[in-house]
Amino acid sequence: MQEGRAFISLLLTPLQWFVDVPSRVAGEVSDLVVDRRLLIKENAMLKTENLELAHQVQQIDSLVQENSQLRQLLQGRKRVLHDVELVELIGVNPDPFQHQVIINRGSENGVFIGQSVLDAGGVMGQVTEMSHYTSRVLLITDARHALPVEVNRNGFRSIALGKGQVDELELEHVPDTADIQVGDLIVTSGLGGRFPRGYPVAKVSEVMRDPGRPFARVRIKPTALLDKSRHLLLVKMPQQVLQLNAEVAEARP
Amino acid sequence: MNPAATSPGSGGFIIMATFLVGLMLSQIPLPYVIEWGRPEWVALILIYWVMALPHRIGMGSAFFLGLLLDVIKGSVLGLNALSLTIIAFVTLVLHRRLRMYPRIQQSMMIMVLIGINQLLFHWMQAFTGYTGDSLMFLLPCLASGIIWPWLFVVLRGIRRFFRIR
């Protein structure tokens with residue numbers, strides 16, 4: 001069934017490319033006729049941003065070193081650093097109930113089911129279906145998606161559920177007494193073995209503590225631009241992690 | 001004069017091309033505001049061809065179109081195939097009456113047909129947990145009914161120009 005679907009998808013791939021042509025052409029045209037002053041302004045903006053980022057990165061090397069030394073001291077494992085591959089979005093699912101996008105890489109390019117997809121802001125979703133040259137990514141806001149996360153500040157673990165709304169997720173089963181505040185950064189916890197650990201997911205936008213309810217209601221806003229990003233990042237897992245994941249999957253009933 | 005398409009049974013490519021355009025229109029990204037009101041292009045074009053050429057386009061074509069649409073919509077393979085087949089069947093039964101109706105009444109009928117399509121599709125989607133609880137999925141039948149008179153004129157023009165019989 002999956003393979004039959006992949007083949008029908010392959011038939012439709014040219015169509016998907018074709019549908020994407022107008023927006024690509026529009027992008028190129030606006031690149032061609034862009035104002036010089038605007039470019040200079042953008043350039044200046046990017047330079048300042050670059051400076052800020054470079055400043056942040058300066059410290060990272062020494063922090064990474066320190067972190068791995070501390071982990072060694074604690075007899076822990078080294079953290080895996082992930083490679084990413086830049087991919088482009090070529091379509092979205094026309095059914096508004098489903099939050100899915102289509103990217104321009106498929107099984108021929110080494111994409112695998114469950115591969116995480118990021119954008120510049122944070123986690124976007126995971127690959128759920130693939131054809132030969134395209135694959136379908138389920139976004140974290142889809143009503144069927146759940147994502148193991150933790151609060152970056154104190155490591156409080158929870159699960160972020162999609163609600164079918166494009167700019168909101170919800171944390172499930174958060175006790176009333178949990179230390180969680182508006183503005184906290186939520187990152188992936190890496191539990192569940194699908195998503196790599198430590199990527200930003202969302203910011204807490206509202207915490208409702210209602211004594212009449214068993215749990216606090218925590219609404220969070222994704223940091224990734226789920227409905228705007230065109231350039232996405234596919235996270236490449238190292239071979240060992242992949243094997244480990246496969247073994248875990250086999251061991252499950 | 002188009003000599004290539006005067007014999008009966010020709011023009012299959014043209015029909016396929018209209019379906020391809022329909023498949024494309026049904027996956028063009030729309031702004032969030034009007035995304036819910038996307039007309040069901042493929043179903044509309046299918047209804048037109050079944051109405052105009054019931055001896056050529058029928059439930060078989062509907063089934064294959066539905067499979068393609070399933071892949072585009074990312075639904076379980078066969079859901080759209082089933083709902084489009086049912087639509088094609090109803091249109092086959094009704095095609096003589098549909099042809100006689102004035103344009104407005106035709107639009108009403110189309111609204112009902114597309115409504116059946118949407119209900120069937122989302123009812124089956126709900127079994128697999130793919131759908132939400134909003135009733136907005138019925139909006140496309142309104143949009144389809146509104147777009148129908150124009151689509152009808154365009155498709156009839158194509159059919160007459162290429163003399164598809």
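Two strands count as paired if DSSP finds at least two bridges between them. In this predicted model, strand β1 (residues 83-92) of chain A and strand β12 (residues 231-236) of chain A meet that criterion, pairing in the antiparallel sense over six bridges.

**Barrel of chain A**

- Six strands of chain A form a closed barrel in the order β1-β2-β5-β4-β3-β12, with antiparallel pairing.
- From one strand to the next, the twist averages 45°.
- Strands of a sheet pair through backbone hydrogen bonds, in either a parallel or an antiparallel arrangement.
- Within the pairing of β1(A) with β12(A), Val87(A) stands opposite Leu232(A) of β12(A).
- Helix α1 (residues 2-32) of chain A packs on the sheet, where it touches β1, β2 (100-103) and β4 (123-130) of chain A.
- The direction of α1(A) makes about 80° with that of β1(A).

**Domains of chain A**

- Chain A is divided into domain 1, covering 2-73, and domain 2, covering 83-253.
- The centres of domain 1 and domain 2 of chain A, taken over C-alpha atoms, are separated by 18 Å.
- Eight residues of domain 1 of chain A are in contact with eight residues of domain 2 of chain A.
- On the side of domain 1 of chain A that touches domain 2 of chain A, four residues are nonpolar, three are polar and one is charged.

**Contact between chains A and B**

- Chain A contributes 23 residues to the contact, and chain B contributes 22 residues.
- On the side of chain A that touches chain B, α1 and β1 of chain A each supply at least two residues.
- Helix α1(A) provides the largest share of that side, seven residues.
- By class, the side of chain A that touches chain B comprises twelve nonpolar, six polar and five charged residues.

**Helix α3 of chain B**

- Helix α3 (residues 41-52) of chain B has twelve residues, which at 1.5 Å a residue should span 16 Å; its end C-alpha atoms are 17 Å apart, in agreement with that expectation.
- Eleven of the twelve residues of α3(B) are buried, so this helix is largely enclosed by the rest of the structure.
- The buried residues of α3(B) include Trp41(B), Leu44(B), Tyr48(B), Trp49(B) and Met51(B).
- The cover over the buried residues of α3(B) includes α1 (12-25), α4 (59-73), α5 (79-100), α6 (103-127) and α7 (139-161) of chain B.

Technical notes: Residues are numbered from 1 along each chain as its sequence is written. Chains are lettered from A and ligands numbered from 1 in the order in which they are written. This is a predicted model: local features need pLDDT of at least 70, side-chain atom pairs count only at pLDDT 80 or more; totals for chains, interfaces and linings use all residues. Helices (H or I, at least four residues) and strands (E, at least two) are DSSP runs, numbered from the N terminus. Axes are lines fitted to C-alpha atoms, for helices over the stretch in contact, and angles run from 0 to 180 degrees between N-to-C directions. Two residues are in contact if their C-beta atoms, placed from the backbone, lie within 7 Å. Ala, Val, Leu, Ile, Met, Phe, Trp, Tyr, Cys and Pro count as nonpolar, Asp, Glu, Lys and Arg as charged, and the others, Gly among them, as polar. Domain bounds come from an automatic or database domain assignment. The expected span of a helix is 1.5 Å times one less than its number of residues. A residue is buried if 20 or more other C-beta atoms lie within 10 Å of its own, exposed if 12 or fewer, and partly exposed in between; C-beta atoms are placed from the backbone.
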